[in-house]
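Let me put the structure up, and then we'll walk through how its parts pack.

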Amino acid sequence: MTRKQKKMLIRIVIAAVLMVVLHFLPEFVQVSNTPLFLLWLVPYGIIGYDILKKAWKGILNRQVFDENFLMAVATLGALAIGLLKTGDYDEAVAVMLFYQIGELFQSYAVGKSRRNISELMDIRPDYANIEQDGQLVRVDPDEVEVGAVITVNPGEKIPIDGMVETGESSLNTSALTGESVPRDVKPGDEVVSGCINMSGVLRIRTTKAFGESTVSRVLDLVENASSRKSRSENFIARFARYYTPVVVIGAAALAVLPPLVRLVLSLPPEWGEWIYRALTFLVISCPCALVISIPLSFFAGIGGAGKAGVLIKGSNYLEALAKTGTVVFDKTGTLTMGVFDVVDIHHSELDRETMLEYAALAECASSHPIAASIRKAWGKPVDLSRVGKVEEIGGNGVVVEIDGKQVAAGSSRLMRRLGVGPIECRSAGTIVHMAIGGEYAGHIVISDVVKPDAAEAIASLKRAGVRSTVMLTGDGPSAAAQVAEALGIDRVHSDLLPGDKVDKVEELLKEKKAGETLAFVGDGINDAPVLSRADLGIAMGAMGSDAAIEAADVVLMDDNPLKVSKAIRIARKCMGIVRENIAFALGVKAICLVLGALGIANMWLAVFADVGVMILAVLNAIRALFVSRL
Amino acid sequence: MKKTYKIEVDCANCANKMEDAARKTAGVKEATVNFMTQKMIVEFDEGADAASVMENVAAACKKVEDDCEIYL
């Protein structure tokens, strides 16, 4: 507890004790009304002096509808009724007392959950070890220059992104990815900050400054996330602006109109009774329960998601995520590993080695991943002196002179253009047809490996209530259909060039139902425009990829496609809690207002309802933090 | 130009009021108060002097909610 909270607690205890003493005082001692009133002013002053002061300042600043003013009017009114009529002062002091208890609880709970969430995200490294004159010195990670060598001992956090120079170890990445399986690293491997070194001493050459490192970017993102407000939050803020004045006007009407009507009907006006009911109204009018529980729910939801390795960039995105109806996958890198391998060679008269050698020579100049996979399968250095003229046929392949012979490698379209009849392939993957000296020489099948969890990920999206899943790919139609069927994907769009993906997503955006969200899942490589065009861009495997973190609205820290459905379930749970809190708080307030107007609810009930609703709403909001079992 | 300021405010509704007050201050293009992280993010109009605008923002906030602090 802070000093302020402790002081408030002491005031509450003293006021409560005095209240009990004064309540039973008349049974033992004869006190007349006026001295009793003065005695009651003592606990009232102790518990409520700051409210009265704030109310007075509010009036000076022309802020009449603030809750301090309302509490002051309600309790002073109750004291006045006690003095003039009933001689009963418990109520005024009790209302003030419970109001303050509620405020104290609220500030304690909010502070506590704020600390909880920052502890969850406690990945900020405090220091880096640098070797100076043969000794390790701890320095502020901000002072470490790019390219410096830092030492990370077992048990320490890696403070800055870099590459392992010496040492082998396993890293615990759970703070970043929510993934508990440790990752083994050896010299030459890239490591990201925020991981915990578990076994061996690592010497790491930094590749980024601390401020640009993964851990700093992630923290920055999480800290600023709740600043992008959701529609629910904006609704509540607007609602609170009207709610209080409306209730106050209602209270004024309740105090004045019924007695006047009774006068007209020549009944006794009962001013005291109606003013009391109006004061009850004022006690209910504070909107705090509502206003606090909504941002707290979002904050807890975003914090819990962060713990599970799902970074949501704002409350508005969490809201959109919960409404996801369509999920579009860019196949490469999300459902598949994004690593191409030569899996087979078909219809070739040549032996495998010769075929691969020709292919590797033909593709020697290309940086395309397909070309890289062919060179990897060949596995030997390429003798460039054998390669003559190279001609790229845009998007279809290459025609190259090797040892004086014309060699073509590429799509079936390229083959037909050269007048060679290709044999179509029914295997899944990318097919590179080869023609040597104008004769068809067979084709190489290159396939991207499907991730082990991909099928389960699609199934779990369905269970989470996603209506339609779509896959976009540059593969041919038969291969694409085969993968889609194996994974259980509803729709496939194949043969897409990178530029077509934006158009395709725009088409899908037009088709979807109103009120639903279309989420695009990409690996952050080459798909930044699509990520930003979709309602919700989800980037995957973003540990270390700046472009993806920049362009996406939701960032999955590792590359497991199951995390997409987890993210949606976290968002749905959080939005469920938000709706519960809105309905619960509004409902209870409405019931209390009606009961108060009918004279059934007294001030005691009103203040209990107010504080009780707030406590329950805050506790419910904190539930959004627990996401591990979703 | 966007700047973030640390603030101290006790209740969520007061944070909303501060946000409102800051938005209405001359020279402020957009203001967001994040109650949970106790931060105020202010986007200034082009050519506005952040320091003097923030003094007005602080005064306006004090007016709607006496018990608040903006660390300039």
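So, at what angle do helix α9 of chain A and α1(B) pack, and how far apart are their axes? Before I answer, a word on what you're looking at. This is a predicted model, where local features need pLDDT of at least 70, side-chain atom pairs count only at pLDDT 80 or more, and totals for chains, interfaces and linings use all residues. Residues are numbered from 1 along each chain as its sequence is written, while chains are lettered from A and ligands numbered from 1 in the order in which they are written.

Okay, the answer. α9(A), residues 288-307, packs against α1(B) at about 80°, and the axes are 8 Å apart. Axes here are lines fitted to C-alpha atoms, for helices over the stretch in contact, and angles run from 0 to 180 degrees between N-to-C directions. Helices are DSSP runs of H or I with at least four residues, strands are E runs of at least two, and both are numbered from the N terminus. The two helices are therefore roughly perpendicular to each other. For the angle words: under 35 degrees is roughly parallel, over 145 roughly antiparallel, 65 to 115 roughly perpendicular, and the rest oblique.

Who's touching whom there? From α9(A) we have A:Cys288, A:Val291, A:Ile292 and A:Pro295, and from α1(B) we have B:Ala12, B:Asn13 and B:Asn16. "Contact" means that the C-beta atoms, placed from the backbone, lie within 7 Å. By class that contact has five nonpolar, two polar and no charged residues. The classes go like this: Ala, Val, Leu, Ile, Met, Phe, Trp, Tyr, Cys and Pro are nonpolar, Asp, Glu, Lys and Arg are charged, and the others, Gly among them, are polar.

Zooming out to the whole chain contact, chain B puts in 15 residues and chain A puts in 18. On the chain B side, α1 (12-24), β2 (28-34) and α2 (50-64) each give two or more residues. The top contributor is α1(B), with three. That side of chain B has six nonpolar, five polar and four charged residues.

Now to chain A. Its domain assignment (bounds from an automatic or database assignment) gives domain 1 (1-120), domain 2 (128-224), domain 3 (313-336 + 450-565) and domain 4 (339-449). The C-alpha centres of domains 2 and 3 lie 31 Å apart. Nine residues of domain 2 contact six residues of domain 3. On the domain 2 side, α5 (174-177) and α6 (214-225) each supply at least two residues, and α6(A) has the largest share, three. That side divides into three nonpolar, two polar and four charged residues.

Next, a helix pair within chain A. α3 (67-86) and α8 (271-284) pack at about 155°, with axes 8 Å apart. That makes α3(A) roughly antiparallel to α8(A). On the α3(A) side the contact residues include A:Leu70, A:Val73 and A:Ile81, and on the α8(A) side they include A:Ile275, A:Tyr276 and A:Leu279. The count for this contact is ten nonpolar, two polar and one charged.

Compare that with α12 (352-362) and α13 (369-378), also in chain A, whose axes come within 9 Å and cross at roughly 140°. Those two are therefore oblique to each other. A:Leu356, A:Glu357, A:Ala359 and A:Ala360 meet A:Ile374, A:Arg375, A:Ala377 and A:Trp378.

Last stop, strands. Six of them form an open, antiparallel sheet in chain A, ordered β2-β1-β3-β9-β4-β7. At the edges sit β2 (135-139) and β7 (190-191), each pairing on one side only. Two strands pair if DSSP finds at least two bridges between them. Inside that sheet, β3 (149-152) and β9 (202-206) run antiparallel and share four bridges, and A:Val152 partners A:Leu202.

Elsewhere in chain A, β17 (439-450) has seven bridges to β12 (336-346), again antiparallel, with A:Asp341 partnering A:Ser447. β17(A) also has seven antiparallel bridges to β16 (430-436), where A:Ile436 stands opposite A:Glu439. Which residue in that hairpin takes a positive phi? A:Gly437, near 60°, in a hairpin with two residues between the strands.

Technical notes
Two residues are in contact if their C-beta atoms, placed from the backbone, lie within 7 Å.
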